[in-house]
Amino acid sequence: MPFAGVSVITNGKLCLSTTSDVDAGAASGYHLFVVEGYTQTKEMLPNGKRGMSRPFVVGGHRWCISYAPNGDSSHNADCVSLHLVLLDDDVAKPVNVRFGFSFIDQVEWQNPICIRETQTHSFSDDDSIRGFDDAVRRDALEQSKHLKGDSFTIRCGVMVYRDLDTVDAGATEVPLPDIQQHLNHLFETKVGADVTFNVSGETIAAHRCVLAARSPVFMAQLFGPMKEGAATCDIQIEDMEANVFRALLSFIYTDSFPKMENHEAEDEEEQELDEEVYAAWMQWMQDLLVAADRYDIQRLKFCCEEGLSECMDVSSVTSTLAIAEQHHCHDLKEACLNFLGVQSPSSLQEVMATSDWEHITVTYPSVLNELIAKLASKA
(Lines give C-alpha, C1' and ligand atoms only; values in the text may rest on other atoms or scores of the structure.)
Protein backbone atom coordinates (compact mmCIF):
# COMPACT_ATOMS: atom_id res chain seq x y z
CA MET A 1 0.00 0.00 0.00
CA PRO A 2 1.56 3.36 -1.04
CA PHE A 3 2.62 5.95 1.52
CA ALA A 4 0.35 9.02 1.75
CA GLY A 5 2.34 11.23 4.09
CA VAL A 6 2.63 11.88 7.80
CA SER A 7 1.08 14.37 10.20
CA VAL A 8 2.58 15.34 13.54
CA ILE A 9 0.44 16.76 16.34
CA THR A 10 2.66 18.32 19.02
CA ASN A 11 1.01 19.50 22.23
CA GLY A 12 -2.36 19.75 20.52
CA LYS A 13 -1.26 21.57 17.34
CA LEU A 14 -0.39 20.37 13.84
CA CYS A 15 3.28 20.98 13.05
CA LEU A 16 3.68 23.48 10.20
CA SER A 17 6.18 21.22 8.45
CA THR A 18 3.47 18.61 7.93
CA THR A 19 0.56 20.74 6.72
CA SER A 20 0.77 20.38 2.93
CA ASP A 21 -1.13 17.76 0.90
CA VAL A 22 0.49 14.44 0.04
CA ASP A 23 -0.84 12.33 -2.86
CA ALA A 24 -0.45 8.55 -2.65
CA GLY A 25 -0.93 8.44 -6.42
CA ALA A 26 -3.02 5.28 -6.19
CA ALA A 27 -6.45 3.96 -5.22
CA SER A 28 -5.08 2.81 -1.87
CA GLY A 29 -2.62 4.30 0.59
CA TYR A 30 -1.82 4.89 4.22
CA HIS A 31 -1.23 8.01 6.27
CA LEU A 32 0.72 8.15 9.55
CA PHE A 33 -0.67 10.29 12.37
CA VAL A 34 1.90 11.03 15.09
CA VAL A 35 0.81 12.41 18.48
CA GLU A 36 3.68 13.93 20.46
CA GLY A 37 3.07 15.29 23.94
CA TYR A 38 -0.06 13.18 24.42
CA THR A 39 -0.67 14.45 27.96
CA GLN A 40 -0.77 18.11 26.94
CA THR A 41 -2.78 17.29 23.82
CA LYS A 42 -5.36 15.61 26.04
CA GLU A 43 -5.58 18.78 28.16
CA MET A 44 -5.82 21.11 25.16
CA LEU A 45 -8.52 19.09 23.39
CA PRO A 46 -11.35 18.48 25.89
CA ASN A 47 -14.37 16.29 25.24
CA GLY A 48 -15.96 17.21 21.90
CA LYS A 49 -12.83 18.92 20.50
CA ARG A 50 -10.78 17.41 17.67
CA GLY A 51 -7.33 17.65 16.22
CA MET A 52 -7.03 17.22 12.44
CA SER A 53 -4.25 15.73 10.34
CA ARG A 54 -2.82 17.32 7.22
CA PRO A 55 -4.83 16.58 4.05
CA PHE A 56 -3.73 13.60 2.01
CA VAL A 57 -4.93 12.21 -1.33
CA VAL A 58 -5.90 8.59 -1.96
CA GLY A 59 -7.91 7.40 -4.94
CA GLY A 60 -8.10 10.95 -6.31
CA HIS A 61 -9.93 12.24 -3.21
CA ARG A 62 -8.71 14.49 -0.38
CA TRP A 63 -8.92 13.10 3.16
CA CYS A 64 -7.84 13.89 6.67
CA ILE A 65 -7.92 12.14 10.05
CA SER A 66 -9.94 13.50 12.96
CA TYR A 67 -8.57 12.75 16.44
CA ALA A 68 -10.45 13.47 19.70
CA PRO A 69 -8.37 12.34 22.73
CA ASN A 70 -11.32 12.81 25.11
CA GLY A 71 -14.05 11.52 22.85
CA ASP A 72 -16.32 13.24 20.35
CA SER A 73 -19.24 13.53 22.76
CA SER A 74 -20.28 12.98 26.37
CA HIS A 75 -21.36 9.44 25.43
CA ASN A 76 -17.74 8.39 24.85
CA ALA A 77 -15.80 10.72 27.14
CA ASP A 78 -13.64 7.83 28.37
CA CYS A 79 -12.52 6.89 24.85
CA VAL A 80 -10.31 8.19 22.05
CA SER A 81 -12.32 8.92 18.90
CA LEU A 82 -10.84 8.43 15.42
CA HIS A 83 -12.55 9.30 12.13
CA LEU A 84 -11.71 9.56 8.44
CA VAL A 85 -13.00 12.77 6.83
CA LEU A 86 -13.65 13.37 3.11
CA LEU A 87 -12.57 16.93 2.27
CA ASP A 88 -13.77 17.07 -1.37
CA ASP A 89 -16.32 19.69 -2.37
CA ASP A 90 -19.38 18.79 -4.45
CA VAL A 91 -18.98 15.02 -4.53
CA ALA A 92 -20.86 13.91 -7.67
CA LYS A 93 -21.21 10.26 -6.64
CA PRO A 94 -20.75 8.48 -3.30
CA VAL A 95 -17.15 7.36 -2.73
CA ASN A 96 -16.96 3.74 -1.57
CA VAL A 97 -14.10 3.25 0.85
CA ARG A 98 -12.70 0.68 3.20
CA PHE A 99 -10.40 1.99 5.92
CA GLY A 100 -8.83 1.03 9.21
CA PHE A 101 -6.73 2.43 12.05
CA SER A 102 -3.80 0.63 13.67
CA PHE A 103 -0.89 1.46 15.92
CA ILE A 104 2.32 1.78 13.94
CA ASP A 105 4.04 -1.02 15.87
CA GLN A 106 1.39 -3.40 14.52
CA VAL A 107 1.76 -2.53 10.84
CA GLU A 108 4.02 -5.51 10.19
CA TRP A 109 1.19 -7.76 11.38
CA GLN A 110 -1.36 -5.98 9.14
CA ASN A 111 -3.62 -6.00 12.18
CA PRO A 112 -5.85 -2.89 12.33
CA ILE A 113 -8.25 -4.46 14.85
CA CYS A 114 -6.23 -3.22 17.78
CA ILE A 115 -7.98 0.01 17.07
CA ARG A 116 -10.71 -0.51 14.50
CA GLU A 117 -11.33 -1.53 10.88
CA THR A 118 -14.42 -0.92 8.74
CA GLN A 119 -16.27 -2.74 6.04
CA THR A 120 -16.94 -0.72 2.89
CA HIS A 121 -18.64 2.65 3.57
CA SER A 122 -19.93 5.35 1.25
CA PHE A 123 -18.76 8.95 1.72
CA SER A 124 -20.74 11.84 0.24
CA ASP A 125 -21.44 15.55 0.75
CA ASP A 126 -24.08 14.67 3.34
CA ASP A 127 -22.02 11.95 4.99
CA SER A 128 -18.38 13.01 4.82
CA ILE A 129 -17.09 11.65 8.13
CA ARG A 130 -16.89 8.01 9.15
CA GLY A 131 -15.08 6.20 11.91
CA PHE A 132 -15.20 5.26 15.55
CA ASP A 133 -16.41 7.33 18.49
CA ASP A 134 -15.00 4.68 20.83
CA ALA A 135 -11.87 3.64 18.90
CA VAL A 136 -9.93 2.75 22.04
CA ARG A 137 -10.52 3.28 25.74
CA ARG A 138 -8.27 6.08 26.99
CA ASP A 139 -7.14 4.27 30.14
CA ALA A 140 -6.20 1.23 28.05
CA LEU A 141 -4.13 3.40 25.68
CA GLU A 142 -2.36 5.06 28.61
CA GLN A 143 -1.40 1.69 30.08
CA SER A 144 -0.45 0.11 26.76
CA LYS A 145 2.93 -0.48 25.13
CA HIS A 146 1.91 1.84 22.28
CA LEU A 147 2.27 5.01 24.35
CA LYS A 148 6.03 5.52 24.51
CA GLY A 149 7.66 8.70 25.78
CA ASP A 150 4.21 10.36 25.92
CA SER A 151 3.85 9.76 22.17
CA PHE A 152 2.22 7.27 19.82
CA THR A 153 1.67 6.81 16.08
CA ILE A 154 -1.48 5.71 14.28
CA ARG A 155 -1.63 4.34 10.75
CA CYS A 156 -4.77 4.96 8.71
CA GLY A 157 -5.05 2.67 5.70
CA VAL A 158 -7.53 3.74 3.00
CA MET A 159 -8.76 1.76 -0.01
CA VAL A 160 -11.04 3.54 -2.51
CA TYR A 161 -13.21 1.36 -4.71
CA ARG A 162 -13.52 2.85 -8.17
CA ASP A 163 -16.82 3.32 -9.96
CA LEU A 164 -16.52 0.95 -12.92
CA ASP A 165 -18.87 3.14 -14.97
CA THR A 166 -16.31 5.97 -14.93
CA VAL A 167 -13.20 3.93 -15.73
CA ASP A 168 -11.64 4.70 -19.09
CA ALA A 169 -12.00 1.68 -21.37
CA GLY A 170 -8.38 2.11 -22.45
CA ALA A 171 -7.02 2.45 -18.92
CA THR A 172 -4.35 -0.02 -17.86
CA GLU A 173 -4.67 0.44 -14.10
CA VAL A 174 -4.91 -2.90 -12.31
CA PRO A 175 -8.08 -3.18 -10.17
CA LEU A 176 -7.67 -3.48 -6.42
CA PRO A 177 -7.70 -6.97 -4.89
CA ASP A 178 -11.25 -8.09 -4.15
CA ILE A 179 -10.84 -11.72 -3.11
CA GLN A 180 -12.06 -10.87 0.39
CA GLN A 181 -15.35 -9.54 -0.97
CA HIS A 182 -15.77 -12.59 -3.23
CA LEU A 183 -15.10 -15.10 -0.44
CA ASN A 184 -17.35 -13.19 1.96
CA HIS A 185 -20.12 -13.29 -0.66
CA LEU A 186 -19.56 -17.03 -0.98
CA PHE A 187 -19.87 -17.43 2.80
CA GLU A 188 -23.01 -15.32 3.02
CA THR A 189 -24.83 -16.90 0.06
CA LYS A 190 -23.69 -20.48 0.89
CA VAL A 191 -23.45 -21.31 -2.82
CA GLY A 192 -21.67 -24.65 -3.16
CA ALA A 193 -21.53 -25.23 0.59
CA ASP A 194 -20.69 -28.85 1.34
CA VAL A 195 -20.51 -29.03 5.12
CA THR A 196 -22.89 -27.93 7.88
CA PHE A 197 -22.24 -27.29 11.53
CA ASN A 198 -24.81 -27.53 14.31
CA VAL A 199 -23.91 -24.89 16.88
CA SER A 200 -26.11 -24.04 19.88
CA GLY A 201 -29.24 -25.10 18.01
CA GLU A 202 -28.35 -23.29 14.78
CA THR A 203 -27.19 -24.75 11.48
CA ILE A 204 -24.30 -22.98 9.73
CA ALA A 205 -23.17 -23.97 6.23
CA ALA A 206 -19.64 -23.60 4.87
CA HIS A 207 -17.14 -24.88 2.31
CA ARG A 208 -14.71 -27.62 3.31
CA CYS A 209 -11.82 -26.51 1.14
CA VAL A 210 -11.88 -22.94 2.46
CA LEU A 211 -11.92 -24.11 6.08
CA ALA A 212 -9.21 -26.69 5.52
CA ALA A 213 -6.96 -24.20 3.75
CA ARG A 214 -7.13 -21.83 6.71
CA SER A 215 -7.13 -24.15 9.73
CA PRO A 216 -5.01 -27.27 10.31
CA VAL A 217 -7.70 -28.47 12.72
CA PHE A 218 -10.40 -28.22 10.06
CA MET A 219 -8.01 -29.88 7.62
CA ALA A 220 -7.68 -32.89 9.93
CA GLN A 221 -11.37 -32.89 10.81
CA LEU A 222 -12.63 -32.69 7.22
CA PHE A 223 -9.95 -34.52 5.23
CA GLY A 224 -7.62 -36.29 7.63
CA PRO A 225 -7.82 -39.04 10.26
CA MET A 226 -10.43 -37.01 12.18
CA LYS A 227 -12.66 -36.92 9.08
CA GLU A 228 -16.35 -36.97 9.98
CA GLY A 229 -19.08 -38.16 7.64
CA ALA A 230 -19.00 -38.67 3.91
CA ALA A 231 -19.87 -36.33 1.04
CA THR A 232 -22.58 -34.55 3.02
CA CYS A 233 -20.97 -33.56 6.28
CA ASP A 234 -22.97 -32.58 9.36
CA ILE A 235 -20.79 -31.76 12.37
CA GLN A 236 -21.84 -30.99 15.92
CA ILE A 237 -19.90 -28.18 17.63
CA GLU A 238 -19.92 -28.31 21.42
CA ASP A 239 -19.11 -25.60 23.98
CA MET A 240 -19.41 -22.65 21.61
CA GLU A 241 -22.07 -20.03 20.87
CA ALA A 242 -23.37 -19.70 17.31
CA ASN A 243 -22.40 -16.02 17.04
CA VAL A 244 -18.82 -16.87 18.02
CA PHE A 245 -18.60 -19.68 15.45
CA ARG A 246 -20.00 -17.40 12.72
CA ALA A 247 -17.38 -14.77 13.63
CA LEU A 248 -14.68 -17.44 13.43
CA LEU A 249 -15.85 -18.48 9.96
CA SER A 250 -16.12 -14.86 8.85
CA PHE A 251 -12.46 -14.36 9.69
CA ILE A 252 -11.53 -17.58 7.90
CA TYR A 253 -13.21 -16.39 4.70
CA THR A 254 -12.14 -12.73 4.75
CA ASP A 255 -9.02 -12.51 6.95
CA SER A 256 -10.64 -9.40 8.46
CA PHE A 257 -11.63 -9.12 12.07
CA PRO A 258 -15.39 -9.67 12.38
CA LYS A 259 -17.92 -7.42 14.03
CA MET A 260 -19.86 -8.59 17.02
CA GLU A 261 -23.47 -9.25 16.11
CA ASN A 262 -25.96 -6.67 17.40
CA HIS A 263 -26.41 -6.74 21.12
CA GLU A 264 -29.62 -5.25 22.44
CA ALA A 265 -29.82 -4.48 26.13
CA GLU A 266 -33.11 -4.45 27.94
CA ASP A 267 -32.17 -1.54 30.23
CA GLU A 268 -32.78 1.81 28.58
CA GLU A 269 -30.47 3.75 30.89
CA GLU A 270 -27.57 4.87 28.71
CA GLN A 271 -24.77 4.23 31.21
CA GLU A 272 -26.08 0.80 32.09
CA LEU A 273 -26.54 0.08 28.37
CA ASP A 274 -22.90 0.97 27.71
CA GLU A 275 -21.77 -1.26 30.56
CA GLU A 276 -23.88 -4.14 29.28
CA VAL A 277 -22.61 -3.77 25.73
CA TYR A 278 -19.01 -3.61 26.99
CA ALA A 279 -19.48 -6.75 29.09
CA ALA A 280 -21.05 -8.57 26.13
CA TRP A 281 -18.22 -7.46 23.83
CA MET A 282 -15.54 -8.62 26.27
CA GLN A 283 -17.23 -12.01 26.67
CA TRP A 284 -17.53 -12.35 22.90
CA MET A 285 -13.88 -11.41 22.41
CA GLN A 286 -12.76 -13.91 25.06
CA ASP A 287 -14.87 -16.66 23.49
CA LEU A 288 -13.48 -15.80 20.05
CA LEU A 289 -9.92 -16.11 21.37
CA VAL A 290 -10.75 -19.56 22.74
CA ALA A 291 -12.25 -20.54 19.37
CA ALA A 292 -9.19 -19.26 17.48
CA ASP A 293 -6.93 -21.31 19.73
CA ARG A 294 -9.16 -24.37 19.37
CA TYR A 295 -8.92 -24.25 15.56
CA ASP A 296 -5.29 -23.05 15.48
CA ILE A 297 -5.97 -19.77 13.68
CA GLN A 298 -3.03 -17.84 15.04
CA ARG A 299 -3.66 -14.44 13.44
CA LEU A 300 -7.18 -14.30 14.82
CA LYS A 301 -5.87 -15.36 18.22
CA PHE A 302 -3.31 -12.56 18.08
CA CYS A 303 -5.99 -10.03 17.13
CA CYS A 304 -8.15 -11.11 20.07
CA GLU A 305 -5.20 -10.90 22.46
CA GLU A 306 -4.45 -7.35 21.34
CA GLY A 307 -8.09 -6.29 21.54
CA LEU A 308 -8.46 -7.66 25.06
CA SER A 309 -5.17 -6.05 26.11
CA GLU A 310 -6.36 -2.64 24.94
CA CYS A 311 -9.84 -2.75 26.47
CA MET A 312 -9.62 -4.53 29.83
CA ASP A 313 -10.85 -2.90 33.02
CA VAL A 314 -11.25 -3.91 36.66
CA SER A 315 -14.40 -5.89 35.90
CA SER A 316 -12.83 -7.99 33.13
CA VAL A 317 -9.15 -8.35 34.00
CA THR A 318 -9.48 -11.54 36.06
CA SER A 319 -11.49 -13.48 33.48
CA THR A 320 -9.08 -12.30 30.79
CA LEU A 321 -6.10 -13.35 32.91
CA ALA A 322 -7.57 -16.83 33.41
CA ILE A 323 -8.05 -17.25 29.65
CA ALA A 324 -4.54 -15.96 28.95
CA GLU A 325 -3.05 -18.52 31.31
CA GLN A 326 -5.20 -21.38 30.04
CA HIS A 327 -4.48 -20.71 26.36
CA HIS A 328 -0.80 -19.79 26.70
CA CYS A 329 -1.16 -16.13 25.70
CA HIS A 330 2.05 -14.72 27.17
CA ASP A 331 1.63 -11.11 26.01
CA LEU A 332 -1.99 -10.96 27.12
CA LYS A 333 -1.07 -12.41 30.51
CA GLU A 334 1.69 -9.82 30.88
CA ALA A 335 -0.78 -7.04 29.99
CA CYS A 336 -3.17 -8.28 32.69
CA LEU A 337 -0.43 -8.40 35.32
CA ASN A 338 0.77 -4.92 34.32
CA PHE A 339 -2.80 -3.63 34.58
CA LEU A 340 -3.19 -5.12 38.06
CA GLY A 341 0.21 -3.78 39.05
CA VAL A 342 -0.90 -0.13 38.69
CA GLN A 343 -4.28 -0.44 40.42
CA SER A 344 -5.08 1.19 43.74
CA PRO A 345 -5.49 -0.99 46.86
CA SER A 346 -9.28 -0.52 46.73
CA SER A 347 -9.39 -1.63 43.09
CA LEU A 348 -7.26 -4.68 43.88
CA GLN A 349 -9.64 -5.59 46.69
CA GLU A 350 -12.52 -5.34 44.21
CA VAL A 351 -10.67 -7.64 41.83
CA MET A 352 -9.80 -10.18 44.51
CA ALA A 353 -13.41 -10.36 45.67
CA THR A 354 -14.54 -11.84 42.35
CA SER A 355 -15.17 -15.52 41.70
CA ASP A 356 -12.79 -15.33 38.72
CA TRP A 357 -9.93 -14.39 41.06
CA GLU A 358 -10.75 -17.28 43.35
CA HIS A 359 -10.68 -19.58 40.32
CA ILE A 360 -7.25 -18.25 39.34
CA THR A 361 -5.72 -18.70 42.80
CA VAL A 362 -6.99 -22.28 42.99
CA THR A 363 -6.31 -23.37 39.41
CA TYR A 364 -3.24 -21.27 38.55
CA PRO A 365 -1.44 -20.45 41.83
CA SER A 366 1.73 -19.49 39.95
CA VAL A 367 -0.11 -16.44 38.55
CA LEU A 368 -0.60 -15.13 42.09
CA ASN A 369 3.13 -15.50 42.74
CA GLU A 370 3.91 -13.56 39.55
CA LEU A 371 1.57 -10.75 40.56
CA ILE A 372 3.09 -10.54 44.05
CA ALA A 373 6.55 -10.37 42.50
CA LYS A 374 5.45 -7.58 40.14
CA LEU A 375 3.86 -5.57 42.96
CA ALA A 376 6.96 -6.07 45.14
CA SER A 377 9.24 -4.80 42.35
CA LYS A 378 7.27 -1.54 42.23
CA ALA A 379 7.10 -1.05 46.00
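**View 1. Strand β7 is largely enclosed by the rest of the structure, because seven of its eight residues (61-68) are buried.** Buried here means under 20% relative accessible area, with exposed over 50% and partly exposed in between (1.4 Å probe, protein chains only). Strands are DSSP runs of E with at least two residues, and helices are runs of H or I with at least four, numbered from the N terminus. This is a predicted model, where local features need pLDDT of at least 70 and side-chain atom pairs count only at pLDDT 80 or more, while totals for chains, interfaces and linings use all residues. Residues are numbered from 1 along each chain as its sequence is written, and side-chain values use heavy atoms, leaving out hydrogens and water.

**View 2. Strand β7 pairs with β8 (residues 79-86) in the antiparallel sense, over six bridges.** Two strands pair if DSSP finds at least two bridges between them. Look for S66, whose bridge partner in β8 is H83. S66 is also the β7 bridge partner of M52; strand β5 (residues 51-52) runs antiparallel to β7, joined by two bridges.

**View 3. Strands β6 (residues 56-58) and β7 form a hairpin with two residues between them.** Their antiparallel pairing has three bridges, and F56 is partnered with W63 of β7. In the turn, G59 has a positive phi of about 65°.

**View 4. The largest nonpolar core has 59 residues, of which F197, L211 and F245 touch the most other members.** Such a core is a set of buried Ala, Val, Leu, Ile, Met, Phe, Trp, Tyr and Cys residues joined through side-chain atoms within 4.5 Å. Helix α6 (residues 242-254) gives the most to this core, with nine residues.
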